[in-house]
Amino acid sequence: MLQAEEVMSMVRLHKCGWGAKRIAKEFGCARNTARRYLREGGVIAYQGRPRVSALDGLDDWLRERFFRHDGNADVIRQELADEHGIVISLRSVERGVQHWRRELKAQKRATVRFETAPGHQMQIDFGDTRVWIGGERVRIHVFVGTLGYSRRMHIRASQRQRQADWFEGLEGAFLRFGGVPAEVLIDNAKALVEHHDAVTREVRFNARLHAFARYWGFKPRACAPYRARTKGKDERGVGYVMRIPTMARMYSDLMPRSVPI
């Protein structure tokens with residue numbers, strides 16, 4: 001490879017009327033090499049091959065899981081293997097999510113801890129994982145209901161995440177806890193929330209959810225759009241359930257469970 005000074009000398013000689021063949025002979029390089037330098041008008045910047053990563057194309061998925069699991073890269077690594085069949089090292093995952101850590105730290109500083117009185121609120125959400133059932137790798141959905149005051153959790157596994165599964169999860173929690181909270185804080189799941197304006201905060205719940213809430217005597221409340229940390233107790237509960245392998249094996253019988261925290 002020619003030095004920068006030699007390349008610039010080539011360019012000056014070419015301006016003086018020297019041809020590529022004569023320049024190549026003078027500098028002891030191939031004629032095509034001389035032509036390439038002359039065509040570029042100087043030193044050619046090295047262009048390395050673009051790095052190919054196993055995480056390419058998964059930015060949105062990685063970001064969602066990163067914030068869902070509070071930055072736990074090991075949980076993300078396990079879910080990558082389960083959901084996408086991508087088996088990589090923990091260090092590779094940590095590098096892939098590193099640029100979001102400052103944002104996560106800022107969110108934590110900006111979040112004011114919100115406590116509720118006993119019996120006032122329950123937070124609900126769904127997570128998903130894969131387990132072996134009958135020799136088959138099956139995706140299951142896990143309903144997690146968390147009491148705001150005690151952090152006690154009710155967990156129910158199902159094969160779907162339909163509106164009926166939300167209602168069955170809620171009913172199971174009410175029966176297991178022996179009562180109904182004053183309000184239930186939910187994410188903006190399409191099965192429950194038809195519309196939620198992020199600016200005006202206008203919420204339109206599903207008619208069946210309204211009827212279900214009237215029957216049981218609680219008030220539904222939707223967390224702010226794109227702000228799942230509003231129900232951070234339940235988000236942590238879902239992450240807790242998903243990142244414990246033995247917990248996933250517990251759901252292979254698809255039976256509801258209640259877990260004291």
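Author: With aromatic pairs: rings of Phe, Tyr and Trp (its six-membered ring) pair if their centres lie within 6.5 Å, and planes under 30 degrees apart count as stacked, over 60 as edge-to-face and the rest as tilted. The model here is predicted, so local features need pLDDT of at least 70 and side-chain atom pairs count only at pLDDT 80 or more, while totals for chains, interfaces and linings use all residues. Residues are numbered from 1 along each chain as its sequence is written, and side-chain values use heavy atoms, with hydrogens and water left out.

Reader: How many aromatic pairs does a search of the whole structure find?

Author: The search finds 11. One of them is the tilted pair of F66 and W100, with 6.1 Å from centre to centre and 45 degrees between the planes. It joins distant parts of the chain: F66 sits in helix α4 and W100 in the loop between α6 (90-97) and α7 (101-110), 34 residues apart. Helices (H or I, at least four residues) and strands (E, at least two) are DSSP runs, numbered from the N terminus. F66 and W100 are both buried, where buried means under 20% relative accessible area, exposed over 50% and partly exposed in between (1.4 Å probe, protein chains only).

Reader: Why is the pair of F126 and F143 edge-to-face?

Author: A pair of aromatic rings is described by the distance of the centres and the angle of the planes. For F126 and F143 the centres are 5.8 Å apart and the planes stand at 75 degrees, so the pair is edge-to-face. F126 belongs to strand β1 and F143 to strand β2 (residues 136-147), 17 residues apart. F126 counts as buried at 6% relative accessibility, and F143 is buried at 0%. Elsewhere, ring pairs link F167, F174, F212, Y215, W216 and F218 into a cluster.

Reader: Back to W100. Which residues does R63 touch, not counting residues up to four places away in sequence?

Author: Contact means heavy atoms within 4.5 Å. On that basis R63 touches W100 and E103. R63 and W100 are 37 residues apart in sequence, with 7.6 Å from C-alpha to C-alpha. R63 lies in helix α4 (residues 59-68) and is partly exposed, because its relative accessibility is 32%.

Reader: How should I read a nonpolar core?

Author: In soluble globular proteins, nonpolar side chains tend to be buried together. A nonpolar core is a set of buried Ala, Val, Leu, Ile, Met, Phe, Trp, Tyr and Cys residues joined through side-chain atoms within 4.5 Å. The largest one here has 20 residues, of which I124, L170, V184 and I186 touch the most other members. Two or more residues come from each of β1 (121-133), α8 (163-177), β4 (183-186) and α9 (207-216); α8 gives the most, with five. Apart from this core lies another, of 15 residues, including L62, I76, L80 and L104.

Reader: In which sense do β4 and β7 pair?

Author: Two strands pair if DSSP finds at least two bridges between them. β4 and β7 pair in the parallel sense over four bridges, and E183 has K219 in β7 as its bridge partner. Strand β7 (residues 219-222) has a covered face of P220 and A222, and an uncovered face of K219 and R221.

Reader: And the chain as a whole?

Author: The protein chain has 11 helices and eight strands. Of its 261 residues, 41% are buried.
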